[in-house]
Amino acid sequence: MSQNKSLPATIAQNRRARHEYFIEEKFEAGLVLHGWEVKSLRAGKCNLTDAYVLLKNDEAWIIGVHITPLLATSTHVVADPTRTRKLLLKRREIGHLIGDIQQKGHTCVPLSMYWVNGRAKLEIAVVKG
């Protein structure tokens, strides 16, 4: 039996983004995380409210995601809860995002974070304000 059955699929939702923006296109991205961040995500300590996606040098970065460190697991590490994290997307998807965001009034925001086969994934969307 898989150990993923006991974990909830959704880690965090960005409800504010769904109300403030018109969603045009969605993408699924992986995240580059540290070990203490994964443990905190399993405990559900994540906030996507003020986060946004920055595209720079043909790479995607998520800024403003707040992952609260657990006291028991991050004692040996200086934890930065709002550090900039790299998103894992295909080159074709990044090129598509860059083209969409260059249109006036468009931006890219995270909608939700969830588990897929034990890996944290982020649903991002190109939105119009």
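**Figure 1. Asn117 sits in the loop that links strand E8 (106-116) and strand E9 (119-128).** Welcome to this predicted model; here we start at a single residue. The phi angle of Asn117 is near 55°, a positive value in a residue that is not glycine. Is Asn117 buried or exposed? With a relative accessible area of 70%, Asn117 counts as exposed.

**Figure 2. Asp58 occupies the loop between strand E4 (52-56) and strand E5 (59-63).** Here too a residue other than glycine has a positive phi, with Asp58 near 60°. Asp58 is exposed, and its relative accessible area is 56%.

**Figure 3. The largest nonpolar core brings together 26 residues.** Which of them touch the most other members? They are Cys46, Leu87, Met113 and Ile124. Strands E1 (10-13) and E2 (22-31), helices H2 (35-42) and H3 (91-101), and strands E5, E8 and E9 each give two or more residues to this core. E9 supplies the largest share, 4 residues. As a general background, nonpolar side chains tend to be buried together in soluble globular proteins.

**Figure 4. A closer look at Cys46 and its contacts.** Leaving aside residues up to four places away in sequence, Cys46 touches Ile11, Ala12, Leu41, Val65, His66, Ile67 and Met113. A second, separate core has 5 residues, among them Ala17, Leu111, Ala125 and Val127.

**Figure 5. How confident is the prediction along the protein chain?** The mean pLDDT is 88, and 91% of the residues reach 70 or more. Confidence is highest in strand E7 (residues 85-88), at a mean of 96, and lowest in helix H1 (residues 15-20), at 89.

Key:
Residues numbered from 1 in each chain as written. Predicted model: local features only at pLDDT ≥ 70, side-chain atom pairs only at ≥ 80, totals over all residues. Heavy atoms only, no water. pLDDT = per-residue confidence, 0-100. Buried < 20%, exposed > 50% of the residue type's maximum accessible area, 1.4 Å probe, protein only. Core = buried A, V, L, I, M, F, W, Y, C linked by side-chain atoms within 4.5 Å. Contact = heavy atoms within 4.5 Å.
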